[in-house]
Amino acid sequence: MINIAVLGYGTVGSGVVEVINTNHESINKKAGEEIRIKYVLDLRDFPGDPVEKVLVHDYETIINDPDVQVVVEVMGGVEPAYTFTKRALEAGKCVCTSNKELVARHGLELLEIAKEKEINYLFEASCGGGIPIIRPLNSSLTADEIDEISGILNGTTNYILSKMQAENADFEEVLKEAQQKGYAERNPEADVEGYDACRKIAILSSLAYGCHVNYEDIYTEGITKITVEDVKYASAMDMSIKLLATSKKAGDRFYAMVSPVLVGKDSPLYSVNDVFNAIFVHGNVLGDAMFYGSGAGKLPTASAVVADVVDCAKHLHRNIMMNWSSKKLDLMDIKEVVHPFFVRMKGNAASDGAAAEEVFGKVKMISIPDTEGEFAFITEPMSESSYGEKAEKLPQIITRIRVRA
């Protein structure tokens, strides 16, 4: 029998309990042993809930019980999750988590403790919710040299952008609706400012490239400045706006960034809408592959956590090697990254288009009938620094969005 303790009985924690109870027989069969929830830790009481039978309020009960072999950390945040996780690993207990903030900040250290103790620290659910991506990177794709990971890694922002474009709706209006439906938190900053996607691409890049990528080094831009006019232009061009988290090899160097990007119909990411996520991977042998599914939500995320529990049960005293080393990956300065830019500018194409071409060179002009006093264009590929220098010469520029070439 494998005894587990679940830290946190919120959305994901209650999902973990539900998944184990619902699929108990098949999970036990796959694990090779019975998985038993011995404790659930939470500060709250849950009168009438069956979880009362295993509910504890003191972490010491769990850490001091030698029968607990696997700890499931689904508390979120850095503290006390970091302290609890570190103590569990040092006590020889495997840990499974969905906590991307903790993994992005302390994952390398926690993996090293697990390796030293010959146990496991697993975090499949931290990057794609229910989408399997870490396990494929860690096993199925090890014969490849991965040179790009790009993805829609946040369901909240994807829902907002999809809804804005489908209904020509305002950002604030759609955000309120997302909050009412439970897709966005009361404080949505981590999602809409891109921080959540940034942490996830840092974790995936660290695993894909075998070096440590510090999430604080990644250029991050959210979706709060995307307007109704932007989505109208996108529709007119048969494109869609996505918040993309990208890390890519350019020559012999790497860059990573999170920002709104215009993608065309030829991109597999174009039609990924609503709260769905998709992760695009390119390898030098594999070529292109895409992982698609529910990137968040109670049961999809819990399913990925429980899959890690099963993996821990099958490798109780054997460390599953992770390709994440302490060697830091030096990222290119974002100013050197090259792509086309979509630019909106005050004026009209007939009288002011020449000024745009004089500064930017050859551009593709775009105009839509219901937007007065402005026009738009797409530049040729150029570096971020080159765009910035040119844009300073045109104070009439309203905004710009990067274009996936």
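User: Which residues of α1 meet which residues of α13?

Analyst: Happy to start there, with the reminder that this is a predicted model. From α1 come Thr11, Val12, Ser14, Gly15, Val16, Glu18, Val19 and Ile20, and they meet Lys298, Leu299, Thr301, Ala302, Ser303, Val305 and Val306 of α13. Meeting here means that heavy atoms lie within 4.5 Å.

User: What makes α1 roughly perpendicular to α13?

Analyst: The axes of α1 (residues 11-22) and α13 (residues 298-314) cross at roughly 65° and come within 8 Å. Roughly perpendicular covers 65 to 115 degrees, so α1 is roughly perpendicular to α13. As for handedness, α1 passes α13 in a right-handed crossing.

User: How do you know that valine 16 is buried?

Analyst: Its relative accessible area is 0%, and buried means under 20%, so valine 16 counts as buried. Valine 16 belongs to helix α1. If neighbours within four places in sequence are left aside, the contacts of valine 16 are Val6, Val72, Ala302, Val305 and Val306.

User: Why are α5 and α11 called oblique to each other?

Analyst: The fitted axes of α5 (residues 100-117) and α11 (residues 195-209) come within 9 Å, and their crossing angle is roughly 50°. Roughly parallel needs an angle under 35 degrees and roughly perpendicular starts at 65. The α5 and α11 pair is therefore oblique. Their crossing is left-handed. On the α5 side the meeting residues are Lys100, Glu101, Val103 and Ala104, and on the α11 side they are Asp196, Arg199, Lys200 and Ile203.

User: What makes glutamate 193 partly exposed?

Analyst: The relative accessibility of glutamate 193 is 26%. Partly exposed runs between the 20% limit for buried and the 50% limit for exposed, so glutamate 193 counts as partly exposed. You will find glutamate 193 in the loop between α10 (189-192) and α11. Not counting residues up to four places away in sequence, glutamate 193 touches Thr220, Glu221, Gly222 and Thr224.

User: How do you know that isoleucine 160 is buried?

Analyst: Its relative accessible area is 0%, which is set against the limit of under 20%, so isoleucine 160 is buried. Isoleucine 160 sits in helix α8. Outside four places in sequence, isoleucine 160 touches Phe171, Val174, Leu175, Ala178, Val192 and Ile223.

User: Why is the pair of phenylalanine 123 and tryptophan 324 called edge-to-face?

Analyst: The structure holds 12 aromatic pairs. For phenylalanine 123 and tryptophan 324, the ring centres are 6.2 Å apart and the planes stand at 85°. Pairing needs centres within 6.5 Å, and edge-to-face needs planes over 60 degrees apart, so this pair is edge-to-face. The pair also links distant parts of the chain, 201 residues apart: phenylalanine 123 is in the loop between β6 (121-122) and α6 (125-128), and tryptophan 324 is in strand β14 (residues 324-328). Both phenylalanine 123 and tryptophan 324 are buried.

User: Which residues form one aromatic cluster?

Analyst: The members of that cluster are Phe341, Phe360, Phe375, Phe377 and Tyr387.

User: How far is the charged end of arginine 404 from the centre of the ring of phenylalanine 280?

Analyst: It is 5.4 Å from the centre, and the charged end of arginine 404 sits over that ring of phenylalanine 280. The distance limit for such a placement is 6 Å, along with a condition of 35 degrees from the ring normal.

User: What makes asparagine 168 partly exposed?

Analyst: A relative accessible area of 39% falls between 20% and 50%, so asparagine 168 is partly exposed. Asparagine 168 lies in the loop between α8 (155-167) and α9 (171-180). Its phi is near 50°, which is positive in a residue other than glycine.

User: And what makes aspartate 274 partly exposed?

Analyst: Here the relative accessibility is 33%, again between 20% and 50%, so aspartate 274 counts as partly exposed. Aspartate 274 has a positive phi of about 60° although it is not a glycine, and its place is the loop between β11 (253-264) and β12 (276-283).

User: What is omega for the peptide bond from glutamate 79 to proline 80?

Analyst: Omega is near 5°, and this peptide bond is cis. Proline 80 lies in the loop between β4 (68-73) and α4 (81-90).

How values were computed. Residues are numbered from 1 along each chain as its sequence is written. This is a predicted model: local features need pLDDT of at least 70, side-chain atom pairs count only at pLDDT 80 or more; totals for chains, interfaces and linings use all residues. Side-chain values use heavy atoms; hydrogens and water are left out. Rings of Phe, Tyr and Trp (its six-membered ring) pair if their centres lie within 6.5 Å; planes under 30 degrees apart count as stacked, over 60 as edge-to-face and the rest as tilted. Helices (H or I, at least four residues) and strands (E, at least two) are DSSP runs, numbered from the N terminus. Buried means under 20% relative accessible area, exposed over 50%, partly exposed in between (1.4 Å probe, protein chains only). Axes are lines fitted to C-alpha atoms, for helices over the stretch in contact, and angles run from 0 to 180 degrees between N-to-C directions. Angles under 35 degrees count as roughly parallel, over 145 as roughly antiparallel, 65 to 115 as roughly perpendicular and the rest as oblique. A crossing is left-handed if the near helix is turned anticlockwise from the far one by less than a right angle, and right-handed if clockwise.
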